[in-house]
Amino acid sequence: MSVLGRLEALEAAGALRPIDLRLARFCARVHREEGGDPAGADAVALAAALASRRAGEGDVCVPLARHAGRVALAAGGDGAGPAVEAPPLAEWRRALEASPAVGGPGDHQPLILDGDLLYLGRHWGWEAQVAAHLRARMGRDEPVDEARLRAGLERLFGPLRTEAVDWQRAAAALAVLRPLAVVTGGPGTGKTTTVVRILALLLEQRPGLVVRLAAPTGKAAARLAGAVRAQKRTLAVDDAVRARIPEEAATVHRLLVPDRLGRFRHHAREPLPVDVLVLDEASMVDLPLMARLLDALPPPARLVLLGDRHQLASVEAGSVLADLCGSGPRWRPGTREALVRVGAVAPGAAPPADPAAPEPADVQVELRESRRFGPESGIGRLAAWVREAGPAPDAREAEALLAGHGDLAWLRWTGAERLPPAALEWLERRFAPVLEAEDAPEALARLERARVLCALREGPAGAAGLNAEVEARLRARGLVRGAGGAWRGRPVIVTANDYALGLYNGDVGVLWPRDPAEPDRLAAWFADGAGGVRAVPLRQLPAHATAFALTVHRAQGSEYDDVLLVLPPRPHPLVTRELVYTGVTRARRHLTLLSGVETLLAGCARATERASGLAARL
């Protein structure tokens, strides 16, 4: 059977998507029709299918050496289904280099071969674009009034510590000294507190700066705006500076101003009118969106990236923040000297300079002290344990952590029963009050207090199954009235962008009557970003799903007082260290873990690795 025939069998078995097969056929046809060696057609078809499939899994490129000479695509893990083996590396590379369907860096073919990394053409372009924009900012110094900066740091952060580094202070100074600053840290480490002070210091340097705040999702943007509003009120700055710190944040899509077809108004030829852009939850921004955002940023503009480099990467291809952060911050001698000179760090407390530090490491600060989770916090200690678990997590350590703290509970799940009774009770107790609310704003507020977060989308342990379970429990209590999906109190999450309505993938709302006198006339109510709510007619509501339970991916950028984190009863390849860490850190006050022991340990041992060339480019 030809390679294309085996790819068709893989698509029929569900191991390839239809789009993967279509690209393989297209590249094989281009290869044949434009004079390629017939003997190389199979190698090109396999490369195209593999590059498309891996992009669907989040990889930006395919390292050929990882797949050469072995089975590259297969259905199932038992070896009984259809499979395609890749040629040896040198042979595969020669076939691709000779193919008219494959170009080199800067070309416009459907596939691009850059060394031993194979890209879809558009992914190579996005990666090169992101790298160019970031490197241009990393290689530039900013003129700074150092005396004014020193005075501002003293006023906003207090006397300089001589025995240890105040990482918030260091981050603020670095963001004034450099046009690109990356501030990372776990939940509660003060990223937003720091960024408000960064903006104050920048505005003291140049009062006319135009500042914008952005985040990947509406929920993350609302949280950022609310935190900035609260923090700026107490800043020790002039009223004129305080007034210039923005109180609103936009999603990246809204910032770029899409038309009805999703094309953005702002790009390199019509850049954003901004001097300073703060992007929160940067780990959630995929490669294509980051490329478009950086393309729309004026070359002189400053960029401050905030995020947690240990969280899940974006849903779509790429892991831009993780690639940028690498192994963490290391300052070069010039940067360390500048931070000491402006009073950001004391000479005896600052970490040693590293002349060999790569440029990305030189623009980073990692905030390390959590104000939310103290040293006795179970959630904080569990998050740290997951983050540092390594390839062989200790079961006894996990059990001791989960059993020894009042803000943690562990419901062990073997899969012998659909859900443990304690989990069913948790669902009913947290979500019945949503349907018992007096009005839509109250229902939205109650919904935001608790959430079920799942590693999977489908199955008994998936978000879809848990949503059905909650609905059944609430229906049995008489709280859900009416058939189908239109019932009062149903929480919904938007799953497709609607630029005309201003609703975006990830926005969460609740179905509720427009008028108490007409209880059957429902609308979808969403937060409006200004502290109120707005109603959207049901007939206009874009694609959506029930939102009592969300996948952990969907919950990035959100936090809840009370979280039930559901991992499947047996180990699963989608359960990774980053997923568990992200799920744990969505909880502010209490976390209940529903999981089998083996699933937790295997997940924490499995680190996500996305193939990308961005780190090397930087």
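This is a predicted model: local features need pLDDT of at least 70, side-chain atom pairs count only at pLDDT 80 or more; totals for chains, interfaces and linings use all residues.
Is S319 buried or exposed in this model? At 9% relative accessibility, S319 counts as buried, where buried means under 20% relative accessible area, exposed over 50% and partly exposed in between, with a 1.4 Å probe and protein chains only. Residues are numbered from 1 along each chain as its sequence is written, and side-chain values use heavy atoms, with hydrogens and water left out.

To stay with S319 for a moment, this residue sits in the loop between β11 (302-307) and α14 (320-325), the helices (H or I, at least four residues) and strands (E, at least two) being DSSP runs numbered from the N terminus. Leaving aside neighbours within four places in sequence, S319 is in contact with A313 and R610, and contact here means heavy atoms within 4.5 Å.

Let me turn to the domains, whose bounds come from an automatic or database domain assignment. That assignment gives domain 1 (3-115), domain 2 (129-369) and domain 3 (378-605). Taken over C-alpha atoms, the centres of domain 1 and domain 2 are separated by 40 Å, and 4 residues of domain 1 are in contact with 4 residues of domain 2. The area buried between domain 1 and domain 2 is about 230 Å², with carbon and sulfur atoms giving 69% of that area; buried area is the accessible area (1.4 Å probe) that two parts lose on being put together, summed over both. On the domain 1 side, A55, G58 and V60 lose the most area to domain 2, together 91% of what that side buries.

H123 lies in helix α6 (residues 121-138) and is buried, with a relative accessible area of 5%.

After α1 comes G14, whose phi is positive, near 85°.

Now to a helix pair. The axes of α17 (residues 378-387) and α23 (residues 577-584) come within 9 Å and cross at roughly 170°, the axes being lines fitted to C-alpha atoms, for helices over the stretch in contact, with angles running from 0 to 180 degrees between N-to-C directions. The two helices are therefore roughly antiparallel to each other, a label for angles over 145 degrees, whereas those under 35 count as roughly parallel, 65 to 115 as roughly perpendicular and the rest as oblique. On the α17 side I379, L382, A383, V386 and R387 meet R577, V580, Y581 and V584 of α23.

Finally, two strand residues. W410, in strand β13 (residues 408-412), counts as buried at 15% relative accessibility, and W410 touches E399, L402, L593, S595, V597 and L600, not counting residues up to four places away in sequence. P513, in strand β16 (residues 508-513), counts as buried at 9% relative accessibility, and its contacts, with neighbours within four places left aside, are R488, E518, P519, R521, L522 and W525.
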